[in-house]
Amino acid sequence: MDTFYPKKLPRINLLGHLFLCFLFYNPTDSGAVQLTQDNIDNILATNELVLINFYADWCRFSNLLQPIWDEAAEKISAEFPTPGRVLVGKVDCDKENTVAERYHITKYPTLKVIRNGSPAKREYRGQRSAEAFLTFVKSQLENPIKEFFSLQEMNNFDTKKRIIIGFFDTKDVPEYDIFRRVATNLKEDCLFYVGVGEPVRTMHPPGTPIIAFRPDHATPDSENESYKGSLSNYDELNAWMTDKCVPLVREITFENAEELTEEGLPFLILFHKPDDLQTVKLFKEIVVNELISEKQNVNFLTADGEKFAHPLHHLGKSQSDLPLIAIDSFRHMYMFPDTSQMTIPGKLKTFIQDLYSGKLHREYHYGPDPPTEILQIDGKSGPTTPPESTFKKLAPSDKRYTLLLKDEL
């Protein structure tokens, strides 16, 4: 009688079966690319747009986002299969604390947008769904450069905006792609136009593309400023265009306030009446001529006093008191004693330096530092009595990004 031995499953097939199960059922190896200290620099350098989810396994909200993020990564990869356009990644902040510290991550999940190797001005705080992430990526990768087809069209460009104009024989050159990449970084700050071929043949030497800048409120007689550097050098062109598109003095709005607070610098704000363009112009000239050395320490801003009536109320002022100047340190607001004195050389700079020396805060608690000059407020001598900051309320939450009001998880 023959002995029956059960047939054994070949070992290699069993291992292959287990591997396939692991591949399809382990969510950490699907969807978004796991970023580490070893691979992140290369990934950022070789991709135009990178979205990163900084998460922690112990965080409930991170766990809720994880399958959505991986689904979004697969949708985005299918929509943009060309290597180097866009990549969706994730960082385990407990395992990669060096990477987390590098990007100042203090809450989870944090969603960062990296364009051409540099973090965008603001993090992603839109709706958290795979469809919303895909829509966001599409908007980020849209070419912001509009083509014009005659020199006459140039006269109809919006004169209230800063404009960068490119003149090319053809778009099918590496220099145009670099121009497009830099434009995507600055599309919120400038308008971008390009003329190609015959319509602009007289505007540049044959075979030599030109990039030019037109400032806001330019007159018909104003000359455009041409870029003198190499159009083949991304970093050089990016630095020049950033300098032209991002003004030293910016207007704060409810739309960009959160972005500005993320930069972490105190605000020196001119509150003005909407039609008081002369004071705005004067303030900008003073900042450029006297305060440029403080640009790493302070954000110089103008604010429509009608729209931002609430901060004025906290300062004990109304629209009838405009224009006025104040510093918001994100702890307190300190008012410049007399806006008419901003034209006195050194006055505004001393006001800024008094914030960093602690003088304004000391005066708030203890009165003026004798024998230094006493600030005059409404014609009365005495210590400053600044209210709490109001603009900090427009800053990102210092808690998790999972607030119902922000349409997130």
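You're looking at a predicted model, where local features need pLDDT of at least 70, side-chain atom pairs count only at pLDDT 80 or more, and totals for chains, interfaces and linings use all residues. Residues are numbered from 1 along each chain as its sequence is written, and side-chain values use heavy atoms, with hydrogens and water left out.

Of the 409 residues, 45% are buried, meaning under 20% relative accessible area with a 1.4 Å probe, protein chains only.

Next, select 174-185 and 234-245. These are helices α7 and α8, whose axes come within 10 Å and cross at roughly 40 degrees; axes are lines fitted to C-alpha atoms over the stretch in contact, and angles run from 0 to 180 degrees between N-to-C directions.

Now show side chains there. On α7, pick Ile178, Phe179, Arg181, Val182, Ala183 and Asn185; they meet Tyr234, Leu237, Asn238 and Met241 of α8, with contact meaning heavy atoms within 4.5 Å. That set splits into seven nonpolar, two polar and one charged.

Finally, jump to leucine 134 in helix α5 (residues 130-141). Leucine 134 is buried, at a relative accessible area of 14%. Leaving out residues up to four places away in sequence, leucine 134 touches Lys75, Ile76, Glu79 and Phe80.

Note on methods: Helix = DSSP H or I, 4+ residues; strand = E, 2+ residues; numbered from the N terminus. Nonpolar A, V, L, I, M, F, W, Y, C, P; charged D, E, K, R; others polar. Buried < 20%, exposed > 50% of the residue type's maximum accessible area, 1.4 Å probe, protein only.
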